[in-house]
Amino acid sequence: MHHQWLLLAACFWVILMFMVASKFITLTFKDPDAYSAKQEFLFLTAVPDAGRLPGETHFPEELKPTGKMLVEPLVYAQRLELMRNVCREDALRNLSHTAVSKFVLDRIFVCDKHKILFCQTPKVGNTQWKKVLIVLNGAFPSIEEIPENVVHDHEKNGLPRLSSFSEAEIQKRLKTYFKFFIVRDPFERLISAFKDKFVHNPRFEPWYRHEIAPGIIRKYRRNRTETRGIQFEDFVRYLGDPNHRWLDLQFGDHIIHWVTYVELCAPCEITYSVVGHHETLADDAPYILREAGIDHLVAYPTIPLGITAYNRTKVEQYFLGISKRDIRRLYARFEGDFKLFGYQKPEFLLN
């Protein structure tokens, strides 16, 4: 009888330990609820392939990570070299070159303390980089303490734009500071912009739905009896129209969420130090912090697993039913972005 009680106690102890261990594992590996949910240094690990559709994750050949998902330093030099080569192509000059205008200078944020310039490319995780610079500029002691409503409030976030300096000061910073920006697959970025501004509109920016969307619908909706709100097809037709600029002027700076990287950051006119890719951000973010000499001062917020992976199926579904003519016109406008940063032409345009 004594032995039976000992055996039962041992079984109970094993079951208890198993339950505790299971709970610990669940808590440890649970994905963050939001992009900036928990701030810590990144672990450079692979995104698991389990449960992913075949071909869902996509990297351009020259930008593919190594087997360990650690992007080799050579890749960053190759990206810059590719950009320089495309900039020299006369056939793409209209798509790769732009003036360093006030519009461009307004997109570039300055950290004088650490001599850094960051060009904002919306819908590519820029909110997190702005938080990094806000901390570096000393407006807040840590990323966790930055109120969400302050990040994009340029009266309060302590992030000066390059356009706020004199011409001489602008040129000095452009020549001597560490400069970077981030890109992602151009079509996936457009889908993200459409969802964020016209479908979800999480920050309650009513002008997208009540002013910009009606303007696009009036000009580009083919079925005039259709009464639904703006559709992705309307958005694609607007962006692919060679005469889109007259509407852009009406929309003002709100167009930054969908204009080309060329128009935002002038990559052929400004000599950037690093170009990061959203698809390899888990590798690129630590590399950028090291190259800028600030990795000991601040960390890029934790990236939830899978959030940066290219989703080919999603892109194909959004373009399903849109005429090849409209998609080709859209690609023609963004061809410079595809070629400058090594993104492949979508397969559904190759047929």
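Predicted model: local features only at pLDDT ≥ 70, side-chain atom pairs only at ≥ 80, totals over all residues.

Visitor: Why is the pair of W129 and F180 called edge-to-face?

Guide: Rings of Phe, Tyr and Trp (its six-membered ring) pair if their centres lie within 6.5 Å; planes under 30 degrees apart are stacked, over 60 edge-to-face, and the rest tilted. W129 and F180 are 5.0 Å apart, centre to centre, with 65 degrees between the planes, so they form an edge-to-face pair. W129 belongs to helix 5 (residues 126-136) and F180 to strand 3 (residues 178-183), 51 residues apart. Helices (H or I, at least four residues) and strands (E, at least two) are DSSP runs, numbered from the N terminus.

Visitor: What makes W129 buried?

Guide: Buried means under 20% relative accessible area, exposed means over 50%, and partly exposed is in between (1.4 Å probe, protein chains only). W129 has 1%, so W129 is buried. F180, with 3%, is buried too.

Visitor: How do you know that the charged end of R173 sits over the ring of F165?

Guide: The rule asks for NZ of Lys or CZ of Arg within 6 Å of the ring centre and within 35 degrees of the ring normal. The charged end of R173 is 4.0 Å from the centre of the F165 ring and counts as sitting over it. R107 sits over the ring of F103 in this way, at 4.8 Å.

Visitor: Why is E188 called buried?

Guide: E188 has a relative accessible area of 2%, and that is why E188 counts as buried. This residue lies in helix 8 (residues 186-200). Leaving aside neighbours within four places in sequence, E188 is in contact (heavy atoms within 4.5 Å) with A309, Y310, N311, K314 and V315.

Visitor: What makes the lining of the largest cavity nonpolar?

Guide: Ala, Val, Leu, Ile, Met, Phe, Trp, Tyr, Cys and Pro count as nonpolar, Asp, Glu, Lys and Arg as charged, and the others, Gly among them, as polar. The lining has 10 nonpolar, no polar and no charged residues. Among them are W129 and F180, and helix 5 gives the most, with 3 residues.

Key: Residues numbered from 1 in each chain as written. Heavy atoms only, no water. 1 Å grid on protein atoms, 1.4 Å probe; cavity = no way out; pocket = protein on both sides within 12 Å on 5 of 7 lines; lining within 4 Å.
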